[in-house]
Amino acid sequence: MKNVWDEHYERPKSKLAFPDENLVRLLSRIQPKNKNALDFGCGSGRHSYLLQNEGYFVTGCDNSKTTIDLLNEGNSPIRFLHTPDADLPFSPNEFGLILSWGVFHYNKREEAKKLLSSLYESLDAGGYLLGSIRADGDTHLGLTQGKMNLSDLSGGYAETYSLEDLKSFLSIFSKTSIGYSERTPLGKLEERICHWFFLAEK
């Protein structure tokens, strides 16, 4: 059965090609010894390819079977996996780097915590989680009791996080650094797209 993300990735405009500039900056700050990397919620694969170009051995996963099937049609050494639920198929300490860019906030808070806990177990000692999450103040998603009011994600679920929410969410990590970004969509100066981005070390 297709979910809102399967339908999303069937649209050509959803196939983003360029990495997020904040992620590029974060990657330049770290040098994990374990070069196995996971792109959790890889979407169109844009950050999986970035990690590969940075010298990592990359696994990408997503709960959208549509995008994983499309990615696996390419001739790439990246391992792309369909992960439909919180039961993730990864071993303890498997990855030196895990990326979760714009993923956690599309889950209910308790489900997001389960996913984070599972990813934490798969992260090697001294490894890093790099991520972004929607911040309070965001109006672009048009949230009403968790439901999004966007044409291409209509009916999908999302939450926003305060700074204290995020600090609590990441509290299992030994070190965390947090940044913030805010922008407007082109031609919609009254809207706000707000994200926290973070680097967390196990």
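**Ground rules.** The model is predicted, so I kept to local features with pLDDT of at least 70 and to side-chain atom pairs at pLDDT 80 or more, while totals for chains, interfaces and linings use all residues. Residues are numbered from 1 along each chain as its sequence is written, and side-chain values use heavy atoms, with hydrogens and water left out.

**Elements.** I looked up the secondary structure and found six helices and seven strands. Here helices are DSSP runs of H or I with at least four residues, and strands are runs of E with at least two, numbered from the N terminus. Read from the N terminus, the order is α-α-β-α-β-α-β-β-α-β-α-β-β. The radius of gyration is 16 Å, close to the 17 Å of the globule rule for 202 residues, so the protein is as compact as a globular protein of that length. That radius is taken over C-alpha atoms, and the rule is 2.2 Å times the number of residues to the power 0.38. Along the principal axes, the C-alpha atoms fill a box of roughly 45 × 40 × 30 Å.

I then took contacts (heavy atoms within 4.5 Å). Of those between residues at least 6 apart in sequence, 67% join residues at least 24 apart.

**Surface.** The accessible surface is about 10,500 Å², and 49% of it belongs to carbon and sulfur atoms. I used the Shrake-Rupley method with a 1.4 Å probe for this area.

**Strands β1 and β2.** Strand β2 covers residues 57-62; five of its six residues are buried, so the strand is largely enclosed by the rest of the structure. Strand β1 (residues 36-40) runs parallel to β2 and is joined to it by five bridges; I count strands as paired if DSSP finds at least two bridges between them. Asn-36 has Phe-57 of β2 as its bridge partner.

**Strand β7.** Which strand has nine of nine residues buried? I found that this is β7 (residues 193-201), so it is largely enclosed by the rest of the structure. Ile-193, His-195, Phe-197, Leu-199 and Glu-201 point one way, Cys-194, Trp-196, Phe-198 and Ala-200 the other, and all are buried.

**Partners of β7.** Strand β5 (residues 123-134) pairs with β7 in the antiparallel sense over seven bridges, with Leu-130 opposite Leu-199. Strand β6 (residues 175-183) is also antiparallel to β7, over nine bridges, and Arg-183 stands opposite Ile-193.

Note on methods. Buried < 20%, exposed > 50% of the residue type's maximum accessible area, 1.4 Å probe, protein only.
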